[in-house]
Every structure is written in structure tokens, then in C-alpha cells.
Amino acid sequence: MYIRRVTRKNKDGTTVAYLQLAHNEWDPKAKYAKAKVIYSFGREDEVDRAVLERLAKSISRFLSPEQVWEAQELAGEAFEFRFQSCKRLGGVWLLDQLWRQLGLDDILKTLFASRHHQISLERLIFAMVANRALHPSSKLAMEDWVEKEVHIPNLPQVASHQLYRAMDELLTVQSELERQVFHAVADLLNLEVDLLYFDTTSSYFEVDPSEAPGEESFRKQGFSKDKRPDLLQIVIGLAVTREGIPIRAWVWPGNTMDMTVIKQVKNDLIGWKLGRVISVMDRGFSSEENLRILQQAGGHYIVGEKIRSGKAAAEEAMSRRGRYHQVRENLHIKEIIVGDGEARQRYVLVYNPNEAERQRKEREKLLESLKEELEGLRQLPNEAHHKATCRLRSHPSYGKYLRQLKDGTLRIDKQAVREAEKYDGKYLIRTSDDTLSAEDVALGYKQLVDIEQAFRTLKSTLELRPMYHRLEDRIRAHVLLSWLALLLVRIVEIRTNESWPKVREECQRLTLGHFSSKYGDLYQRTELTAKQGQTFAALGLEPPPKILDIHPRS
């Protein structure tokens, strides 16, 4: 179907043109297609142009932007475009498509169905998550980022107060959001949740000393895993699947001890009805009370045991003779059972030859340095000698290899050195599950490194720290947004087998150009590179169309 122009010559020699809506029909007798007029618009010079424009617009509603653009090109109308601006498109588009693939948009829209805001809360939350993954910044800086730097579908601009309001609303649905997000992600990715890894970290704040909070504040000083004990902090817990997907995050005051959080973590996960779960944790959580908690509701544990904890069972496990069984190039294991009946405890002693060699060389280097320090003591006068002796005795590395004679002279403790040699390259694992092989126990614990990678991504790539929020609710919302960003980032890394910084750098090269002409505005992306196409394909996502949008001028 098309509009055709036909002409007729008058007797006076003038030419008259007529516009008709026609389509071709096959004539079997003539054996060629003939034009059949469906509607005649009349003489061209008398046709109401507004009628044709309305018809064209109504038809264009059923066409993609590319088809509209092609139609204008065929009509000879697409020319004299001016390049107005350029925004980053690839990173946001990738995250938004993954966000929708996981169903996070529908989850949030359903949770916020009864709330009425000028701008969609789901879009505001996605914008903050995307900002954390692509260009971490403050909420005030996000105003310019959204308006001038990136193209976020259905969100042309935002104000910081709208973002803060969305953070407050997000906290009101946190519990249900976490549950629904987990089940949606678990179903889509077919996650294995038989092994769950848990660990904690700390994250600090930059605050003005004059604004130091009172006793009731959420921000407190505590043991800093960031090596910043001088700053206020919070403690963050993270549960990660064996695939490296973070399924839930927790936040506690900065002075919270690791040993005290397990009961809450276990109770929260029991509420999700995960079935048989084996919790994998490091040595910081291996108190007897925590181990009993982890076995509730049919659960089991794999935990690291402190080799020199002073526990009789652990010492017996370390002293038990027997051969190691090699399961990997640098992984040798030995299973040990201590006790009988209810007192029975199952251990796996792991030995890494490469790590043992590294520790041996480090100790030799340390002892050489210690010998030089002891030699230097002899040259010092009495008072200086006494101070230097006290310094060495209290030194965190030197002190454990020193013994003091009756006359006050320091000597290297050879017995302490021999004791240290016995533990080179070894670590002890304890488990309550008898159905797992010793190899599975060792390899399962070894995967605990995935959660450490998640924390590194959370802190460095997503720039969780330092934080500038003061109110507890805003702090909790900030961590919740960072967890959602980490969830998307880890899925991208696992599916593409590339680090997020590399994927981000490549995708951010895909930009959206804004062109204008007398006919309207055109939004067209740059050409996809081969690497960008591979990334979208690996994630099962559609890249953005070449023509993203067209705004005709009326």
C-alpha cells in the first residue's frame, strides 16, 4: 500500500496532479500487477496537508524508529541533521536489560504499587544501582550524571531529594525485596544453594570530628578490616553461593563482633526455606555456640578451625599421624576423626606445599633480620639497650621467636621456630556433614575466596567506602543499593568470564548521539564493536537498536 501521484493534462496545456492511496493487485489475465485505488485525496494543490501528516503519524506509531528513519530517507526528507550531544549508553543499557531479565523491575513495581510518586520509584532505585556500578558518586552529583552524562531509559532527569526519598521507601520493603530477589535470581540462574558462604567486613566513614555521634549512633569504632581503626565504621555481612552470587547482605553497628552475628544470619536464612544448607565460614565464627546454631533446622557447617586455638580436639587432630592424600596440584588432605558417639568430631587437615615453601622463606628472612637486630643490641649503652630489648620482646613478628635468659640477654628461641615449622602450609577444617567426602570439604572451604572477591568488588569497584551518610536508615539503604549493584556485577562477571571493570570500559564506549533537523530529533547509537556484541550475547541480552528514538516536530 502506498500513496501515488498521478497527473492529467488539461486542454489549455496545464497539468493537474492528484494524490491517491493505492495498492497493487495481480492481474492473472494480463500477468502483471495493476494499481488499485483505495481512496482518492483529490487534487494535490487542494489537499489538506494536515490530514496527510496525521495519517503519517498514526502509521508511524506501528513502526520502529529505524523503519520511520528509513521511510524518511526513501522520501528524501532525512537530511541537514545537526549533532547536538552525546551520552554514554552501553553500560546503563546492559544493566537495565539484566535488571529486567532478572525481574527486578516487576518486583519493585509490585512492592511500590500502592505508592504514588511523580517519578517511578523503580526507575530511581535502578538509577542509583547503575550509578554505583558505573560511576559511583553522591546523590547530589547524580543529578548531573543522569541529565548530562548517561541515557537511562524512562528517566531523563532526577533531583537529589527524590533519590533520598526513594532510599527511604526502599527500606520499608527491604525484607520482602531480599526474599523475592533471591528466589527470582535462584530460579533464573538455577543457583545451587546447598553451600552458602558467609563472611563479614567493615566499612568506614569520613566525618567531621565536631559531628562525632553519641553513644546511640550506628557508626562506631571497632576492629577495622580496612586498617582504619581511627575512623567510625559499620560491619557488613554477606552470604554468597558457590557460584559467587551474593544473595543477601546484613549491616550491624561498627563495634559488632563476628561471633555474635551467626544466630541472626541463620534465622534470616531459615525463613527462606532453602532446604539442606551447609554454611561455609572462616575461623572467626567457629565458637561451639555458633556451630550448634548452624546445625539448627537440619543445617550443617564447614568452618575453619584455629590450629593453635587451645581446644583439645583441635590439638589432637593436628598431632594425629597419617599420610596425606593429594587431590590437586597444591592440595593435600588428611581426614581425622576425634572422639566417639555424640562427641565425635570430623576434621580435614589441608596441606599446601607451595604455601609451606612461601612461609618458610618468609620466616628465614624474618630470622635473618632478627639476628641483625640482636647483634645491634650489643653496641647499645645500658638505658638504650633496655628500651630496645623491650621493643623487640613486644614486636608482633619478632617477639614470638625470642626468649630471654636470666641475665636479660635475648636469644632466638629454636623450639618456637621448630613449632612454627610444623604448621607451614597447613590449615584445619571442621565439618558436621558426614555425607561430604574429605575432598569436597576441602574444596568447598577453598571456595571461600569467592566471598573475599565479592568484598573487594564491593569496596573498590563499587566504591562502597568511604561513606558520608549519618542516619542509620540511609546507611542501611546505601548498603542495600550496593548489594543490588554487586548482584548485577557478579552475574556479568560469571557469564562473560571477564572482570567488571573490563566489561564496563568496553560497554561505556557505546554512546548515544542526539541529532536535530527541521523535521525533529533523532537519537542514534554508535556502531556496535565485535566485543560489545559478544558481551551482550554472552549475557543473553539484546543490544540497543541503532535508532533508539525519533521525536518528529509538529
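A salt bridge is a side-chain nitrogen of Lys or Arg within 4 Å of a carboxyl oxygen of Asp or Glu. Keep that in mind as we walk through this predicted model, which holds 36 salt bridges.

**Stop 1: a bridge within one helix**

Select D96 and R100. Their side chains meet in a salt bridge, with 3.1 Å from N to O. Both residues sit in helix α3 (residues 90-101), and because they are four residues apart there, about one helical turn separates them. Is D96 buried or exposed? D96 has a relative accessible area of 2%, so it is buried. R100, at 30% relative accessibility, counts as partly exposed.

**Stop 2: from a loop to a helix**

Move on to R115 and E169, whose side chains form a salt bridge at 2.6 Å, N to O. R115 lies in the loop between α4 (104-111) and α5 (121-134), while E169 belongs to helix α7 (residues 160-172), so this pair ties together parts that are 54 residues apart in sequence. R115 counts as partly exposed at 27% relative accessibility, whereas E169 is buried at 16%.

**Stop 3**

Now pick R5 and E44. Here the side chains meet in a salt bridge of 2.9 Å, again N to O. You will find R5 in strand β1 (residues 2-9) and E44 in the loop between β3 (32-43) and α1 (49-60), so the pair ties together parts 39 residues apart in sequence. R5 is exposed, with a relative accessible area of 52%; E44 is partly exposed at 28%.

**Stop 4: two aromatic rings**

The structure holds six aromatic pairs. To see one of them, select Y427 and Y445: the ring centres are 5.9 Å apart and the planes meet at 35 degrees, so the pair is tilted. Y427 is in strand β15 (residues 426-431) and Y445 in helix α15 (residues 438-446), so the pair ties together parts 18 residues apart in sequence. Y427 is partly exposed at 23% relative accessible area, and Y445 is buried at 11%.

**Stop 5: a positive patch**

Finish by selecting R403, R411, K414 and R418. What do they form on the surface? They gather in a patch of positive charge. Zoom in on K414, which is found in helix α14 (residues 414-421). At 62% relative accessibility, K414 counts as exposed.

Technical notes
Residues numbered from 1 in each chain as written. Predicted model: local features only at pLDDT ≥ 70, side-chain atom pairs only at ≥ 80, totals over all residues. Heavy atoms only, no water. Patch = residues over 30% accessible without salt bridge, like charges linked within 9 Å, V, L, I, M, F, W, Y side chains within 5 Å. Areas by Shrake-Rupley, 256 points an atom, 1.4 Å probe, with all protein chains shown as cover. Lys, Arg positive; Asp, Glu negative; His and termini not counted. Charge placed at Lys NZ, Arg CZ, Asp CG, Glu CD. Helix = DSSP H or I, 4+ residues; strand = E, 2+ residues; numbered from the N terminus. Buried < 20%, exposed > 50% of the residue type's maximum accessible area, 1.4 Å probe, protein only. Phe/Tyr/Trp six-rings, centres within 6.5 Å; stacked < 30°, edge-to-face > 60°.
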